[in-house]
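This briefing covers a disulfide and a group of aromatic rings. Please look at the sequence and the structure first.

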Amino acid sequence: MINNIFMFVMIVFLLLLLLSLYVNTVSAGGNFDRFYLTCQATPVSSQLLWTPIIIVASPYGGYATGSNSAYSWGSFTFAFAEYTSYTYTTQHELTDQISASNGEVIGLFELDNWTIYKLQTVTEIGIGNNNPCAASYTAELKAHTNYMQTYTLLPSGSKVDSNIPQSFTMTDNYTVSKTSPLLGRPKITSLKINL
């Protein structure tokens, strides 16, 4: 009976010693925890949206042309956690000329398939860096339709470009109304000014 109790105490002691060694090893790992936060993305919708390819702005009283002999390039980055983001680029060879005059701002847009994700911070078990969500939603460009159309963002006679719309709704040739993603302040590319 005494031997059984002694064996039981020794087994418990060894298990506690091994557990203590494990905890000390994990704790000595620097910035790592046994539990960490991560950002989980869940798709909630898929939409066709007008994606900006090139924006051409003309000065008041002047003229601007988007070159049709060059490639237009755009980049979209959606950061939704400290270490996580989606980045997409668009590159197209322009096949027709885009012009604007007398303060107009005109854009060339492509109808693209976007997926919207709901973001949620979740706790994971294991060793890892904390990477909680920094936003509630993000978007991912999933597919290009290669269908392009121009849209006037500011009419002729505009004297300032500070009121360029952040988004818009445009009907394509199939009479389907689609919205653009939020543009922020569009960057003007391929600008040629003729005074």
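**Disulfide and aromatic pairs**

Cys 39 and Cys 133 are joined by a disulfide, with 2.0 Å from S to S; a disulfide here is a pair of cysteine sulfur atoms within 2.5 Å. This is a predicted model, in which local features need pLDDT of at least 70 and side-chain atom pairs count only at pLDDT 80 or more, while totals for chains, interfaces and linings use all residues. Residues are numbered from 1 along each chain as its sequence is written, and side-chain values use heavy atoms, leaving out hydrogens and water.

**The disulfide**

- The structure holds 1 disulfide.
- The torsion about the S-S bond of Cys 39 and Cys 133 is about 105°, so the disulfide is right-handed.
- Cys 39 lies in strand β1 (residues 33–57) and Cys 133 in the loop between β6 and β7, 94 residues apart; strands (E, at least two residues) are DSSP runs, numbered from the N terminus.
- Cys 39 is buried, at 15% relative accessible area, and Cys 133 is buried at 18% (buried is under 20%, exposed over 50%, partly exposed in between, with a 1.4 Å probe and protein chains only).

**The aromatic pairs**

- There are 3 aromatic pairs, counted where rings of Phe, Tyr and Trp (its six-membered ring) have centres within 6.5 Å; planes under 30 degrees apart are stacked, over 60 edge-to-face and the rest tilted.
- Phe 109 and Phe 168 are edge-to-face, because their planes meet at 70°, with centres 4.7 Å apart.
- Phe 109 is in strand β6 (residues 105–128) and Phe 168 in the loop between β7 (137–154) and β8 (169–171), so this pair ties together parts 59 residues apart in sequence.
- Tyr 151 and Phe 168 are stacked, at 4.1 Å centre to centre and 10° between the planes.
- Tyr 151 is partly exposed at 25% relative accessibility, whereas Phe 168 is buried at 5%.
- Ring pairs link Phe 109, Tyr 151 and Phe 168 into a cluster.

Definitions and conventions:
Helix = DSSP H or I, 4+ residues; strand = E, 2+ residues; numbered from the N terminus.
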